[in-house]
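Q: Please take a close look at one part of this structure and then connect it with the rest. Which residues come nearest to the ligand?

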Amino acid sequence: MSRVYNFSAGPAALPTEVLEQAREELLDWRGSGMSVMEMSHRGKEFMSIAEQAEADLRELMGIGEGYKVLFLQGGASLQFAMVPMNLMGSAGKADYINTGAWSKKAIAEARRYGKVNVVASTEESRFTTVPAADTLSFDENAAYVHYTPNETIGGVEFPYVPETGGLPLVADMSSTILSRPVEVEKFGIIYAGAQKNVGPAGLTLVIVREDLIGSPIAGTPTMLDYGTHAGSGSMYNTPPTYSLYMAGLVFQWLKRKGGLAAMAEINRRKAEKLYAAIDASGFYSNPVDPVCRSWMNVPFTLADPALDATFLAEAKEAGLVTLKGHRSVGGMRASIYNAMPEEGVDALIAFMAEFERQHA
Ligand SMILES: *Cc1c(COP(=O)(O)O)cnc(C)c1O
């Protein structure tokens with residue numbers, strides 16, 4: 001068996017140790033005589049798995065008492081609707097920051113439920129930067145402020161948390177959650193599809209401040225009301241049990257690695273060396289303002305796009321896969337989430353240098 005270095009943006013690589021543990025436990029989870037996939041979600045075995053996962057996530061992120069942790073389905077894309085459905089309430093309006101493709105989708109969906117004010121947009125820069133912190137101002141009567149801390153496609157990441165003057169801050173952290181410590185108290189809601197930096201597809205994490213639960217707009221389906229899930233420990237209906245179990249194994253792996261501060265050190269180092277290699281070459285380039293380059297998703301182009309196909313084919317030969325950029329931006333993209341070991345980034349950098357030597 002040989003495993004490649006998989007630079008996919010999502011579903012993305014999982015830590016090998018986690019997959020090995022899952023294999024170990026696949027047929028018989030800790031003497032239960034069955035696979036986690038076969039367990040009742042209400043049985044004591046699975047309940048213990050879910051409780052441990054929540055406790056570990058709370059410990060890793062420092063999630064306080066005043067927040068509910070929900071394990072949902074529907075991906076981050078369903079949160080684009082659930083956030084306005086649950087929060088737009090009597091205000092009927094919300095402020096959004098537009099920094100790229102995922103912000104735009106969130107904005108378009110929210111418009112179905114109320115008035116959306118786009119208070120800042122970096123579209124003019126072709127989404128290669130984020131608005132400066134001191135240029136942001138919000139409607140004090142807005143229900144909330146929504147932003148995308150890391151734009152997975154553009155490779156743009158906020159180097160700061162917006163100051164909202166008390167308005168609930170909602171963050172789509174799909175591609176940056178668990179990459180470094182965050183101050184959860186600064187947020188009203190943090191949500192993330194699991195398949196980037198948490199676990200397999202199918203699970204969506206929602207961390208929501210309790211006071212934001214309980215006033216959905218009229219007509220909100222039961223399943224889309226945060227209150228339904230908060231009141232039932234995410235067991236109103238069948239949660240994505242196996243994905244939740246796998247996420248739990250990832251949380252334990254992160255704890256063994258030293259937690260989010262330790263991951264941040266590694267992630268910073270991985271990103272810095274890859275950007276340094278790109279910047280030092282005359283052949284590769286990344287258009288993003290250096291102060292807001294993503295630690296997780298590194299898009300880059302080749303000086304001659306006619307070489308893209310050769311680059312991808314030779315990279316694959318070298319065991320470096322899924323480097324093709326998003327169809328909307330072209331070029332390459334290396335996603336280097338927690339599960340990408342530093343050696344994988346080193347191998348990519350060495351390959352890029354050799355490719356440049358041969359083809360530039
Ligand atoms: C991938 C991604 C999404 C979409 O996630 P789904 O879980 O597929 O709905 C939304 N926002 C960001 C920032 C993403 O990276």
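A: Thr152 places a polar side-chain atom 2.4 Å from an oxygen atom of the ligand, a polar contact in the sense of a pair of N or O atoms within 3.5 Å. This is a predicted model, in which local features need pLDDT of at least 70 and side-chain atom pairs count only at pLDDT 80 or more, whereas totals for chains, interfaces and linings use all residues. Residues are numbered from 1 along each chain as its sequence is written, and side-chain values use heavy atoms, with hydrogens and water left out.

Two further side chains make such contacts. Ser77 has a polar side-chain atom 2.6 Å from an oxygen atom of the ligand, and an N or O atom in the side chain of Gln195 lies 2.9 Å from a ligand oxygen atom. The protein covers 87% of the 390 Å² of accessible area that the ligand has on its own (Shrake-Rupley method, 1.4 Å probe). Around the ligand there are 13 residues, of which Ser77, Thr152, Asp172, Gln195 and Lys196 come nearest; a residue is near if one of its heavy atoms lies within 4 Å. Helix 3 (residues 75-87) gives the largest share of this shell, four residues. Helices here are DSSP runs of H or I with at least four residues, strands are runs of E with at least two, and both are numbered from the N terminus. By class the shell comprises three nonpolar, eight polar and two charged residues, where Ala, Val, Leu, Ile, Met, Phe, Trp, Tyr, Cys and Pro count as nonpolar, Asp, Glu, Lys and Arg as charged, and the others, Gly among them, as polar.

Lys196 also belongs to the lining of the largest cavity, together with Ala13, Leu14, Pro15, Asn197, Val198, Val250, Trp253, Asn338 and Ala339. On a 1 Å grid over the protein atoms alone, a cavity is a set of points where a 1.4 Å probe fits but cannot get out, a pocket is an open set with protein on both sides within 12 Å along at least five of seven lines, and lining residues have an atom within 4 Å of a point. The volume of the largest cavity is about 50 Å³, and its lining divides into seven nonpolar, two polar and one charged residue. The search of the whole structure finds two cavities of 30 Å³ or more.

The largest pocket has a volume of about 530 Å³. Of its 20 lining residues, Arg126, Phe127, Gly154, Ser328 and Val329 are the closest to its centre. Strand 12 (297-302) and helix 4 (101-110) each supply at least two lining residues, and the largest share, three residues, comes from strand 12. The pocket lining has eight nonpolar, eight polar and four charged residues.

Two features of the backbone complete the account. The peptide bond from Gly10 to Pro11 is cis, with omega near -10°, and Pro11 lies in the loop between strand 1 (5-6) and helix 1 (16-24). Leu178, although not a glycine, has a positive phi of about 70°; its place is in the loop between strand 8 (169-172) and strand 9 (189-193). Most residues other than glycine have a negative phi, and most peptide bonds are trans.

Key. Polar contact = N/O pair within 3.5 Å; in protein donor to acceptor, adjacent residues only side chain to side chain. Points joined across faces, edges and corners; volume = space filled by probe spheres on them.
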